[in-house]
Amino acid sequence: MKEELLHFIWQSKLLAGNKLFTTNGEPIQIIKQGIYNKDAGPDFLNARIKIGGTEWAGNLEMHIHSSEWLQHRHQNDRAYDNVILHVVYHHDKPVLNKHGQELPTLELKELLQPALIRKYTYLLQNKHTIACETIFRLPDPVKTNLWLSRLLIERLEHKCNYLNDLLIRTNQNWEQSFYLFTARYFGMKTNAQPFEWLAERIPLIALAKHKERPEQILAMLMGTAGLIDETKQPDLQAEFLFLQHKYHLEALPRHVWKFSQTRPANFPTVRIKQFAALIHESSHLFSKVMQVRDVCELEELYTVTGESKLSRQSIQLILINTSIPALFLYGKKMNKPELCEKALSFIEELNAEQNATIRFWASKGLKAQNAAQSQALLQLNQYYCTQLACLTCMFGQNILLNE
Ligand code: SF4
């Protein structure tokens with residue numbers, strides 16, 4: 001039994017059909033269940049409860065055992081002075097309020113449906129990667145789509161948070177922040193941080209000045225990354241030494257880059273070449289992203305030629321992870337909802353990603369139709385399934401509340 005299950009039962013109004021009494025036999029009528037409080041303080045705020053003949057307005061606190069009130073020292077905490085009802089799974093000890101009177105207590109032990117507890121225990125205790133794997137039931141399409149839309153917004157906001165941090169660091173310089181954000185993405189999970197350090201060490205203005213000379217852009221990036229092989233690439237090294245002096249570029253130590261956990265196609269040397277090609281082919285990228293009219297134009301911005309050409313799939317991943325969150329955040333911060341809508345419609349036009357998580361959900365009848373849905377499923381996996389947050393997951397609620 002976990003306290004979160006009690007919160008879920010109360011929030012879902014699962015006690016509505018029961019006649020409720022305090023442990024002292026007084027009838028309880030729930031008028032307003034209160035607002036769930038995830039912060040410090042009582043679990044539900046601003047409830048209205050009739051106990052005996054008196055209606056009370058105040059807060060509710062929940063525990064597995066009533067004695068936890070004393071263990072947590074709520075009797076000495078002013079934040080709990082206005083608790084009107086103590087809801088517990090098992091009443092093992094009477095608890096007094098600050099006036100020395102017994103706190104009205106509702107015990108749930110005999111009221112909970114055994115099937116609900118059984119299913120919840122199963123979700124928490126089985127060893128499957130996705131806890132609901134064997135009992136998953138696809139909810140109706142309206143509910144499913146609503147849940148996927150909510151997950152997508154959560155994911156976008158999560159990506160936007162990092163861009164927002166960069167904006168704070170760069171004093172709200174969108175172009176510079178977007179450059180750092182894009183660089184970070186090029187590093188993928190393994191080399192995100194060194195890629196960001198690399199971009200920080202090369203001013204955008206220096207890259208812009210040499211935009212017409214791709215070999216100089218590459219020299220600046222590879223040299224500052226500390227990844228030029230002097231014996232095999234003497235010309236690149238010579239170019240770098242000239243530019244290093246001109247722009248006071250400080251090279252990173254080679255050891256910050258990770259090669260061992262990376263596939264050759266994603267080695268930092270390969271990704272830096274692709275990043276260099278992107279910088280060569282585009283300037284003022286952020287401003288251009290904000291102005292595109294459709295997703296084809298957006299893809300076009302990232303289409304680079306030559307040996308470092310990005311595949312269409314790679315471009316789509318860049319859009320999902322950089323320009324679409326940037327569009328969304330810019331729309332939000334500048335109060336331009338049309339840009340947020342554009343971001344959402346663009347992501348719906350991109351292909352769903354293909355990986356083990358997406359394939360798993362397809363095997364359960366939930367085939368991602370586009371990148372908006374695959375991103376939603378990745379969010380579900382990362383922030384709900386792996387943390388067993390089944391009570392806050394709409395699929396989990398569907399399993400628990402239906403026979
Ligand atoms: S979080 Fe949701 S989808 Fe994930 S295992 Fe729990 S119930 Fe299933």
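**Ligand shell, core and a helix crossing**

Let's start with the ligand. The shell around the ligand holds 11 nonpolar residues, 1 polar residue and no charged ones. Keep in mind that this is a predicted model.

Which residues are they? Around the ligand sit Leu123, Ile130, Ala131, Cys132, Leu380, Tyr384, Cys385, Ala389, Cys390, Cys393, Phe395 and Gly396. Two helices each give at least two residues to this shell: H16, residues 371-385, and H17, residues 394-401. H16 has the largest share, with 3 residues.

Stay in this region for a moment. Between H16 and H17 there is a loop, and Leu388 is in it. Look at the backbone of Leu388. Its phi is positive, about 50°, although Leu388 is not a glycine.

Met188 has phi near 55°, and Met188 is not a glycine either. This one is in a helix, H6, which covers residues 188-201. Met188 has 16 other C-beta atoms within 10 Å, so Met188 is partly exposed.

Now the core. The largest nonpolar core has 102 residues. Which of them touch the most other members? Met220, Leu221 and Ala326 do. Helix H13, residues 312-333, gives the most to this core, with 10 residues.

Take Ala326 as an example. Leaving out residues up to four places away in sequence, Ala326 touches Leu163, Phe178, Phe181, Phe286 and Val289.

Last topic: helix packing. The pair is H8, residues 214-224, and H9, residues 234-247. Their axes come within 8 Å. How do the axes cross? They cross at roughly 80°. Angles of 65 to 115 degrees count as roughly perpendicular, so that is the label for H8 and H9.

Here is the contact itself. On the H8 side we have Glu215, Gln216, Leu218, Ala219, Met220, Met222 and Gly223. On the H9 side we have Leu236, Glu239, Phe240, Leu243 and Gln244. By class, that is 7 nonpolar, 3 polar and 2 charged residues. Note Met220 in this list: Met220 meets H9 here, and Met220 is also among the core residues that touch the most other members.

To recap the ligand site: no charged residues in the shell, and H16 as the largest contributor.

Definitions and conventions. Residues are numbered from 1 along each chain as its sequence is written. This is a predicted model: local features need pLDDT of at least 70, side-chain atom pairs count only at pLDDT 80 or more; totals for chains, interfaces and linings use all residues. A residue is near a molecule or strand if its C-beta atom, placed from the backbone, lies within 6 Å of it. Helices (H or I, at least four residues) and strands (E, at least two) are DSSP runs, numbered from the N terminus. Ala, Val, Leu, Ile, Met, Phe, Trp, Tyr, Cys and Pro count as nonpolar, Asp, Glu, Lys and Arg as charged, and the others, Gly among them, as polar. A nonpolar core is a set of buried Ala, Val, Leu, Ile, Met, Phe, Trp, Tyr and Cys residues joined through C-beta atoms within 7 Å. A residue is buried if 20 or more other C-beta atoms lie within 10 Å of its own, exposed if 12 or fewer, and partly exposed in between; C-beta atoms are placed from the backbone. Two residues are in contact if their C-beta atoms, placed from the backbone, lie within 7 Å. Axes are lines fitted to C-alpha atoms, for helices over the stretch in contact, and angles run from 0 to 180 degrees between N-to-C directions. Angles under 35 degrees count as roughly parallel, over 145 as roughly antiparallel, 65 to 115 as roughly perpendicular and the rest as oblique.
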